[in-house]
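Reader: Could you take me through this assembly by question and answer, beginning with the terms you rely on?

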Amino acid sequence: MKDRTLTRRIVADRIFQVVVVFLSFCSILPMFFILFFISKNGISSISWNFLTRLPAPVGETGGGIANAIVGSALLILLASVVAVPLGILTGIYLAEYRKDKFSYLSRLSVEILMGTPSIVIGIIAYVWVVKPIGSFSALSGGVALGIMMLPVIVMSTEETLKLMPDSLKEASLALGVSYPRTIMKVILPAGLSGIVTGMLLSVARIAGETAPLLFTAFGSPFMAANVFKPVSSLPLTVFNYATSPYPEWHALAWGASFVLLVFVLALNLIAKLGMRKWKVQF
Amino acid sequence: MLESAGQMIEPLERAQAESVHHRPGFTLSEGAFRKILYLAGISVLVLLIAIFFSLLLASMPSMKALGIRFLTGRTWDPVTSHFGALPFLVGTLVTSFLALCISILFSLPISIFLGYYHREGKASSFVKTVIELLAGVPSVIYGFWGLFFFIPIIRFVETELGVAPYGVGILASSLILAVMIIPYSASLGREVINLVPNDLKEAALSLGATRFEVIRKVILPYARSGIFAGILLSLGRALGETMAVTMLIGNSNFLPTSIFSPANTMASVIANEFTEATGAIYLSSLIQLALLLFVVTTVINIIGKIIISRTSVT
Amino acid sequence: MESPVLAVDHFSAGFDTNQVLKDIDLLIEKNRITAIMGPSGCGKTTLIRCINRMHELIPSARVSGKILLDNEDIFDMDAIIVRRKIGMVFQRPNPFPTMSIYDNVIAGYNLNGIRISKGDRDRIVEESLKKAALWDEVKDALHRRGTFLSGGQQQRLCIARALAMNPEILLLDEPTSALDPKSTAHIEELVVQLKSAVTIIQVTHNIPQAARISDYTAFIYLGELVEFGPTEKLFTVPKDKRTEEYLTGKFG
């Protein structure tokens with residue numbers, strides 16, 4: 001009797017292990033499917049023309065995604081201007097005032113903002129920027145993406161600064177260096193690598209965002225020239241062309257997807273390497 | 001070596017005397033700097049409150065005009081100015097819950113794989129890296145891939161079953177949503193399972209339990225609330241997901257009748273119709289949907305954080 | 001006492017409801033080494049941290065009484081000025097990790113935005129490293145980061161950094177407790193030579209060290225100043241029974 005129960009238990013254990021490994025393996029399959037699909041269909045579109053030309057009108061071939069690439073770059077720049085200074089200062093606050101009663105509320109707000117749907121943020125940018133200006137604009141897109149970048153920068157700055165040993169601060173203060181200078185010239189530079197890694201992650205997060213741009217940056221077939229006018233971006237291009245009925249535009253979508261995917265994955269990998277090297281974890 | 005001790009060269013003396021009293025005028029004082037930090041600390045809270053009130057204000061017109069019919073009405077027809085959002089509430093809930101159920105089937109095993117069987121080592125880093133990369137893939141790319149991967153399969157199934165072969169619909173979007181939230185809930189689950197104290201696991205093993213039994217009887221019960229919080233947070237994530245769902249859900253404003261029906265979620269109808277919305281009530285109704293999304297996801301996030309903070313050691 | 005440079009006057013300190021120092025009266029003689037000794041938790045580290053007002057880093061700290069530097073109460077001065085006149089070296093060496101040895105020594109000037117000519121700067125760095133008995137070992141590697149130095153060398157770098165500010169008093173918080181015996185001996189030798197340039201107050205729980213190097217010793221126990229006087233007298237004929245018990249190792 002005992003033997004049979006024991007055998008049953010061991011068999012159950014083995015089966016369970018196999019099932020766990022199998023299901024885990026299945027869960028990571030999509031990555032390879034996606035990489036395969038996008039690469040297979042997208043690589044053929046990649047050419048110097050593709051990267052430097054504007055999209056061609058319907059029916060013509062040989063269009064490109066230059067406006068999308070420049071547009072994305074512009075949006076990321078605008079978003080960074082909005083998010084980086086405020087994000088770093090907030091991160092400093094959370095790291096320096098850890099035991100403050102208010103910092104709990106502040107940190108909770110950051111986490112809530114992190115989990116807010118991107119389309120809601122797009123609507124807010126519409127209400128705050130598009131309505132007053134009267135037209136879609138790169139500026140409103142930058143504001144939307146900046147709001148999405150903010151929590152990532154805050155959390156990565158806070159985590160990095162929390163790792164800084166107290167002895168660093170004490171050494172500086174004991175030399176008669178003021179508190180603001182100690183933070184800005186000693187602590188912050190010492191944590192620069194962690195903060196930069198956080199910025200890379202935040203750029204990776206917003207580079208692929210489409211929903212907040214649907215009614216802010218809106219998209220445009222032209223090269224970005226004016227922050228008060230609509231602007232294109234890589235994910236918008238993918239969305240618009242993928243859902244269009246024209247096969248030439250589908251090809252553009254594949255190519256744009258490939259560029260976008262490679263960019264986002266590369267940023268993520270570099271950031272992970274940075275995190276592993278400097279042993280930060282956010 | 002120490003002859004110079006006690007003897008200063010004149011310029012040095014000057015510089016060192018100056019160093020004692022030098023207070024460069026343009027430097028920020030400590031008080032001002034600390035005030036700036038406080039302001040930054042408040043800023044995110046203020047931002048959230050501002051978002052809430054802006055959404056509320058912009059939703060007023062439709063709230064006043066429609067009242068509760070907004071949530072109970074089954075017809076969403078901008079042409080006749082009917083704005084009943086029930087189809088979208090149903091679409092959102094059904095796709096999210098379906099996605100959640102499908103994803104748990106996969107994310108729980110990965111959490112156990114990474115949190116128990118393979119906490120370190122090459123297999124573990126590889127799987128962890130792939131999961132983290134999956135979490136970083138943009139939503140629009142998931143949608144694009146889904147169009148060419150899931151849709152043909154579902155169309156085939158629909159034809160076999162004799163149902164209208166749209167391909168797009170609730171099933172398609174639930175599937176892509178499931179794939180998208182697996183990395184998120186897997187990471188959360190792994191952290192929670194990792195936190196189970198070693199001595200509990202070792203105690204069970206030393207009593208002769210198999211690893212399956214340790215998982216069933218020690219780890220899962222201990223990590224129960226953490227796993228629940230992870231599921232809750234994944235739900236929050238699923239509710240707000242827009243692009244992939246928009247591309248695969250079929251954009252129909254009718255109340256879905258089956259798993260194969262095209263439909264719309266709150267997020268996807270906003271994505272599809274916002275730029276063409278004319279008329280104050282129309283726009284305001286869409287914004288009201290955004291308000292609803294914001295409130296629900298905020299509440300879910302708060303509850304999830306509270307549960308996690310109660311169970312974690314930090 | 002001939003010329004006290006620092007006077008601690010009815011000084012008490014505590015954190016929240018915890019009273020750490022009770023009514024301390026102390027005179028520190030210029031250009032001498034004063035050791036502050038006592039068992040763990042007696043308040044000696046708190047005392048020297050109050051002398052350069054580093055206790056203010058802890059929000060719950062409260063003090064009463066005066067500490068007079070050249071007859072001026074340090075609590076009436078700007079804390080930053082106090083810390084430039086009174087330098088500190090910590091228990092664990094803490095050179096700035098992102099700066100070179102050169103920049104570490106001159107950090108007090110750089111971080112404060114004080115502009116001095118390159119010539120003066122080079123001279124201050126060389127002087128300070130020589131005073132800290134580190135110059136010969138690092139003069140060819142001034143622009144490398146200080147992290148490759150041994151523990152003893154890093155501590156001497158921290159001493160050079162503090163000396164570069166030309167302080168009146170140098171506070172040493174158990175500077176050799178994290179070092180090996182050889183480095184400890186080096187630093188003890190260095191401290192003795194430094195006193196002609198700067199007044200030294202050293203906290204130590206190492207009784208023989210206090211006997212070896214200090215001119216005056218203060219014995220603190222449970223927050224009270226039990227006894228204070230010339231080292232030789234205190235060690236050979238202690239006036240208080242508690243001092244005698246501490247010196248003979250009855251409590252640690």
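Author: Two residues are in contact if their C-beta atoms, placed from the backbone, lie within 7 Å. This is a predicted model, in which local features need pLDDT of at least 70 and side-chain atom pairs count only at pLDDT 80 or more, while totals for chains, interfaces and linings use all residues. Residues are numbered from 1 along each chain as its sequence is written, and chains are lettered from A and ligands numbered from 1 in the order in which they are written.

Reader: Which element gives the largest share of the side of chain C that touches chain A?

Author: In this interface, 18 residues of chain C are in contact with 16 residues of chain A. Helices (H or I, at least four residues) and strands (E, at least two) are DSSP runs, numbered from the N terminus; those giving two or more residues to the side of chain C are α2 (79-85), β6 (86-89) and α4 (107-112) of chain C. The largest share, four residues, comes from α4(C).

Reader: How many residues on the side of chain B that touches chain A are charged?

Author: The contact between these chains takes 66 residues from chain B and 69 residues from chain A, and on the side of chain B the largest share, 15 residues, belongs to helix α2 (residues 30-66) of chain B. For the classes, Ala, Val, Leu, Ile, Met, Phe, Trp, Tyr, Cys and Pro count as nonpolar, Asp, Glu, Lys and Arg as charged, and the others, Gly among them, as polar. On that basis the side of chain B has 47 nonpolar residues and 15 polar ones, and the number charged is four.

Reader: What is the radius of gyration of chain B?

Author: Chain B has 13 helices and two strands, and its C-alpha atoms fill a box of roughly 100 × 65 × 35 Å along the principal axes. The radius of gyration is taken over C-alpha atoms, and the globule rule is 2.2 Å times the number of residues to the power 0.38. A compact globule of 314 residues would have a value near 20 Å, whereas chain B has 28 Å.

Reader: And what is the radius of gyration of chain C?

Author: Chain C has 11 helices and 10 strands. The globule rule gives 18 Å for its 252 residues, so chain C is as compact as a globular protein of that length, with a radius of gyration of 18 Å.

Reader: How do α4(B) and α10(B) lie to each other, and at what angle do they pack?

Author: Axes are lines fitted to C-alpha atoms, for helices over the stretch in contact, and angles run from 0 to 180 degrees between N-to-C directions. Angles under 35 degrees count as roughly parallel, over 145 as roughly antiparallel, 65 to 115 as roughly perpendicular and the rest as oblique. Helix α4 (residues 86-117) of chain B and helix α10 (residues 224-240) of chain B have axes 9 Å apart and pack at about 135°, which makes α4(B) and α10(B) oblique.

Reader: Which residues of α13(B) does α4(A) meet?

Author: The axes of helix α4 (residues 101-114) of chain A and helix α13 (residues 280-311) of chain B come within 9 Å and cross at roughly 125°, and α4(A) and α13(B) are therefore oblique to each other. From α4(A), the residues involved are A:Leu108, A:Glu111 and A:Ile112, and in α13(B) they meet B:Thr298, B:Asn301, B:Ile302 and B:Lys305.
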